[in-house]
Amino acid sequence: MMPKVTEGTSKLEEALRLTQAGFWVVPQLGKRAVAMGWDQWRLSEEDLRGYLSDGRLNIAIVLSKCPLVDVECDGPEAEHELVQMCGKDTLRTPTWKSKRGLHRLFVRPKDLPLRAKVEVGHIEVRIGNRPALSTVPPSVHEEGVTYRWLPGLSVWDFDEGNPPLPLPEPLVRKLMVAPKPIKRERGEGDGEVIVEGGRNDELYRHGCR
């Protein structure tokens, strides 16, 4: 088991530890990656020192370069939905608190949709089968809230003998039938997407504008 994070661990220190543990780490300004091609090559420890030495930037892990998915509950409604769907016993896995709610890391099962993320009700699942980032502790939200691992549930509390849990089966089933996004037709927008089955509503909103 890796040594646990102590209170006051800097973002640079954590970035180096994550890199040594096999994660691809990306510096962020807020939640925006500052390194070009972050999904194509892995930053070295020297690169990370250059980006993070002054402490201004946040850190994220590249989900598409690790075997984990991030299940994000940005509020009590999403948290309630997840507990009701999966049960508390299936949720004890690496977990951190952001400004708005909890993020949990689960092992990615095979054959999930080839998507970066999917919404299931109020829950956002960052699948990582396309380039995707998740901002991790001890990053700081623009409003000053520091992201923190829950006690006993940091990524360092898990190892090969006690790995993160697999993505709960009820959530897997929801993801397998989630609507597919389709690109807007020319003239409908600027490269955004409409969820399949929502074209008429979206075109109506454009007409009203």
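Biologist: Which residues of α3 meet Pro170, Leu171 and Lys174 in α4?

Modeller: This is a predicted model. Look at where α3 and α4 touch. On the α4 side, the contact is made by Pro170, Leu171 and Lys174. Their partners in α3 are Leu82, Met85 and Cys86.

Biologist: How many residues of that contact are nonpolar, polar and charged?

Modeller: Sort the residues of the α3 and α4 contact by type. One is charged, and no polar residue takes part. The nonpolar residues number five.

Biologist: Are α3 and α4 roughly parallel or roughly perpendicular to each other?

Modeller: Start with the axes, which come within 8 Å. They cross at roughly 110°. Angles of 65 to 115 degrees fall in one class. The two helices are therefore roughly perpendicular.

Biologist: Which residues of helix α4 are buried?

Modeller: Helix α4 spans residues 169–176. What covers its buried residues includes β4 (68–73), α3 (76–86), β7 (118–120) and β8 (123–126). The buried residues are Leu171, Val172 and Leu175.

Biologist: Is Glu14 buried or exposed?

Modeller: Glu14 sits in helix α1 (residues 11–20). Its side chain joins that of Trp156 in a polar contact of 2.9 Å. Buried means under 20% relative accessible area. Glu14 has 0%, so Glu14 is buried.

Conventions
Residues numbered from 1 in each chain as written. Predicted model: local features only at pLDDT ≥ 70, side-chain atom pairs only at ≥ 80, totals over all residues. Heavy atoms only, no water. Buried < 20%, exposed > 50% of the residue type's maximum accessible area, 1.4 Å probe, protein only. Helix = DSSP H or I, 4+ residues; strand = E, 2+ residues; numbered from the N terminus. Contact = heavy atoms within 4.5 Å. Axes fitted to C-alpha atoms, helices over the stretch in contact; angles between N-to-C directions. Parallel < 35°, antiparallel > 145°, perpendicular 65-115°, else oblique. Nonpolar A, V, L, I, M, F, W, Y, C, P; charged D, E, K, R; others polar. Polar contact = N/O pair within 3.5 Å; in protein donor to acceptor, adjacent residues only side chain to side chain.
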